[in-house]
Amino acid sequence: MTLRHIKDNEYAEEHGGDYEDFEPGMVIRHWPGRTLSEADNTWLTLLTMNQHPLHFDRHYGTGAEYGKVLVNSGITLCLVGGMTVQALSARAVANLGWDRVRLKSPVFVGDTLYATSRILGKRLSRSRPGQGIITVETTGTKATGETVIVFERSFMVRCREEANRAE
């Protein structure tokens, strides 16, 4: 969280950043983490129409490779990606996409996940003056330090001059 001084003893809470706030090589540790519950896994798996019993049938899971229910990998991507929004893209104009999503280790109910992002690059938009594109690599880890997911994401943000004009 960043506080921007408005006047006298008054501040505004800010999230995300403008183009100028990001530099390649920056590493951001996102907080807080999130512990996955059985309800998270069951409801989100069924909501997204994933019918694989490995994600919501405990009896089935005990006979599978890991011996228990496995958290849906789509949930892992959404959760870890969501952890980055406050610091990275809360002021974004558009989310442009995810690339190179790699699932490294399984996630189970009760695991606590954390996210860290590294700024890979930035460039001014060729088609949208006053805006720029930020590319990050995000890593999701368990509280034990075990990496569970790595992905790249690009999003568009305003340049500070453009952002100040809009306020």
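What follows are my notes, topic by topic.

**Ground rules.** I am working with a predicted model, in which local features need pLDDT of at least 70, side-chain atom pairs count only at pLDDT 80 or more, and totals for chains, interfaces and linings use all residues. Residues are numbered from 1 along each chain as its sequence is written, and side-chain values use heavy atoms, with hydrogens and water left out.

**Backbone.** I first noted the general rule: most residues other than glycine have a negative phi, and most peptide bonds are trans. Then I looked for exceptions.

I found a cis peptide bond between Trp31 and Pro32, with omega about 5°. Pro32 sits in the loop between β3 (27-29) and β4 (34-35). Here helices (H or I, at least four residues) and strands (E, at least two) are DSSP runs, numbered from the N terminus.

Next I checked phi. Asp8 is not a glycine, yet its phi is positive, near 35°. I located Asp8 in the loop between β1 (2-7) and β2 (10-14). Is Asp8 buried or exposed? Asp8 is exposed, because its relative accessible area is 72%. The cut-offs are under 20% relative accessible area for buried, over 50% for exposed, and partly exposed in between (1.4 Å probe, protein chains only).

Arg100 also has a positive phi, about 50°, without being a glycine. Arg100 belongs to strand β5 (residues 94-103). Its relative accessibility is 58%, so Arg100 counts as exposed.

I wrote down Met49 as well, which comes just after α1 and takes a positive phi of about 70°.

**Helix α1.** Which residues of helix α1 (residues 38-47) are buried? They are Asp40, Asn41 and Thr45. These residues lie on the same side of α1 because they cover an arc of only 105° around the axis. The arc is that of the directions from the helix axis to the C-beta atoms.

I then looked at the face turned away from the buried side of α1, and it carries the exposed residues Trp43 and Leu47. What covers the buried residues of α1 includes β4 and α3 (73-83), where contact means heavy atoms within 4.5 Å.

**Salt bridges.** Side chains of opposite charge can pair when their charged atoms come close. I counted a salt bridge when a side-chain nitrogen of Lys or Arg is within 4 Å of a carboxyl oxygen of Asp or Glu. By this rule the count is ten salt bridges. I looked up three of the pairs.

Asp18 and Arg160 meet through their side chains, at 3.0 Å from N to O. This pair links distant parts of the chain, with Asp18 in the loop between β2 and β3 and Arg160 in helix α4 (residues 160-166), 142 residues apart. Asp18 is buried because its relative accessible area is 6%. Arg160 is at 29% relative accessibility, so Arg160 counts as partly exposed. I also noted a network of salt bridges that links Asp18, Asp21, Arg91 and Arg160.

Asp40 pairs with Arg34, and their closest N and O atoms are 2.7 Å apart. Asp40 counts as buried at 17% relative accessibility, whereas Arg34 counts as partly exposed at 34%.

Arg58 forms a salt bridge with Glu38, with the closest N and O atoms 3.1 Å apart. This pair too links distant parts of the chain: Arg58 is in helix α2 (residues 58-62) and Glu38 in helix α1, 20 residues apart. Arg58 is exposed at 57% relative accessible area, and Glu38 counts as partly exposed at 43% relative accessibility.
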